[in-house]
Amino acid sequence: MADKTDLSMMTRIYAKWAPVYDMLYGRLLRPGREAATREALACGRDILEVGVGTGLSLPGYPEGYRVVGVDLSKPMLDRAAEKIERLGLKSVTGLAVMDACRLGFADACFDAVVGQYVITLVPDAEAALDEFARVCKPGGDIVLVNKIGAEKGFVAFLERIAAPIARRVGLSSEFQLARIRNWASKAGFAVSSVRRVGVAGFYTVVRLTDRRTERAEAKAA
Ligand SMILES: C[S@@+](CC[C@H](N)C(=O)[O-])C[C@H]1O[C@@H](n2cnc3c(N)ncnc32)[C@H](O)[C@@H]1O
């Protein structure tokens with residue numbers, strides 16, 4: 001689990017980003033955001049968006065969906081609330097300040113848990129994924145989009161060097177897909193798709209589908 005220092009550092013950083021976030025990252029991160037939101041629409045009507053930020057993805061959920069957005073940063077969520085009001089987004093049923101590693105929801109209440117550009121920022125990403133799995137309905141999905149780090153070679157080397165600087169400004173450069181795959185295989189989730197989107201496939205959208213029941217049944221048989 002992320003310690004208090006990590007969380008308060010992240011909270012401080014995003015309080016500073018909040019006023020300029022849409023201007024800086026609105027278009028830049030849009031291809032991955034749109035692809036992840038489309039993927040989530042196919043998973044069911046009850047959606048949890050963790051790290052929803054200023055709510056740039058929220059207009060992508062049409063009426064009939066029930067979307068709850070959570071984020072560590074109140075200033076980011078204030079922008080999301082303003083967007084919901086201004087655009088009349090009926091699909092958004094709630095916003096709350098919450099840590100990805102301590103979700104205040106009952107077990108099994110969402111068809112999909114979506115994390116757009118957030119899991120790589122959580123120091124204990126596996127603890128956050130455990131929480132996503134806990135609140136995910138049986139057979140539900142986890143949809144993630146991130147800039148994933150290179151696995152080897154010179155780019156991987158540069159990304160490792162840049163990691164401490166990236167972290168200080170609330171970004172991430174070296175998170176590897178293997179970490180998500182390893183978590184999924186231990187937790188009983190299948191990696192149903194991995195898609196590269198955007199220029200040169202810069203962003204990676206990963207969909208993980210819950211297979212815990214099948215795994216438990218196979219073990220018992
Ligand atoms: C790069 S922004 C992405 C925002 C939005 N999802 C988007 O696509 O623009 C990362 C967001 O994750 C939030 N965040 C970072 N660590 C978090 C945590 N442990 N729990 C919840 N949110 C977190 C930050 O406050 C920030 O709003």
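Biologist: Is strand 7 mostly covered or mostly open?

Modeller: Mostly covered. This is a predicted model, and in it eight of the eight residues of strand 7 are buried.

Biologist: Which residues sit on each face of strand 7?

Modeller: On one side are Y203, V205, R207 and T209, and on the other are T204, V206, L208 and D210. Both faces are covered.

Biologist: How does strand 7 pair with strand 5?

Modeller: The two are antiparallel, with six bridges between them.

Biologist: What lies between strand 6 and strand 7?

Modeller: Five residues, and the two strands form a hairpin. In the turn, G198 has a positive phi of about 80°.

Biologist: Zooming out, what is the strand order in the sheet?

Modeller: It runs 3-2-1-4-5-7-6, in an open sheet of seven strands with mixed pairing. Strand 3 (92–97) and strand 6 (189–197) are at the edges, and each has a single partner strand, so one side of each has no neighbour in the sheet. On average, neighbouring strands are turned by 15° against each other, direction ignored.

Biologist: Which strands does helix 4 touch?

Modeller: Helix 4, residues 74–87, packs on the sheet against strand 2 and strand 3. Its direction makes about 165° with that of strand 3. Helix 7 also packs on the sheet, touching strand 5, strand 6 and strand 7. The direction of helix 7 makes about 160° with that of strand 6.

Biologist: Now the core. How many residues are in the largest nonpolar one?

Modeller: It has 33 residues, and those with the most contacts inside it are L48, F132, W183 and L208. Elements giving two or more residues to this core include strand 1 (46–50), helix 7 (177–187) and strand 7 (203–210). Helix 5 supplies the largest share, seven residues.

Biologist: What does F132 contact, leaving aside its neighbours within four places in sequence?

Modeller: V50, A100, L103, V113, I119, I142 and L144. There is also another core of 32 residues, apart from that one, with Y65, L77, V197 and Y203 among its members.

Biologist: Switching to aromatics. How many aromatic pairs are there?

Modeller: Seven. One of them joins F105 and F110 edge-to-face, at 5.1 Å centre to centre with 90° between the planes.

Biologist: Why does F110 count as buried?

Modeller: Because its relative accessibility is 6%, and the cut-off for buried is under 20%.

Biologist: What about W183 and F189, buried or exposed?

Modeller: Both are buried. Their rings form a tilted pair, 5.3 Å centre to centre with 40° between the planes.

Biologist: Which residues do ring pairs link into a cluster?

Modeller: Y14, W17, Y21 and Y25.

Biologist: Last one: how many helices and strands does the protein chain have?

Modeller: Eight helices and seven strands. The protein chain has 221 residues, of which 49% count as buried. Its accessible surface comes to about 10900 Å², with 57% belonging to carbon and sulfur atoms.

Conventions: Residues numbered from 1 in each chain as written. Predicted model: local features only at pLDDT ≥ 70, side-chain atom pairs only at ≥ 80, totals over all residues. Heavy atoms only, no water. Core = buried A, V, L, I, M, F, W, Y, C linked by side-chain atoms within 4.5 Å. Buried < 20%, exposed > 50% of the residue type's maximum accessible area, 1.4 Å probe, protein only. Helix = DSSP H or I, 4+ residues; strand = E, 2+ residues; numbered from the N terminus. Contact = heavy atoms within 4.5 Å. Pairing = 2+ DSSP bridges. Axes fitted to C-alpha atoms, helices over the stretch in contact; angles between N-to-C directions. Areas by Shrake-Rupley, 256 points an atom, 1.4 Å probe, with all protein chains shown as cover. Phe/Tyr/Trp six-rings, centres within 6.5 Å; stacked < 30°, edge-to-face > 60°.
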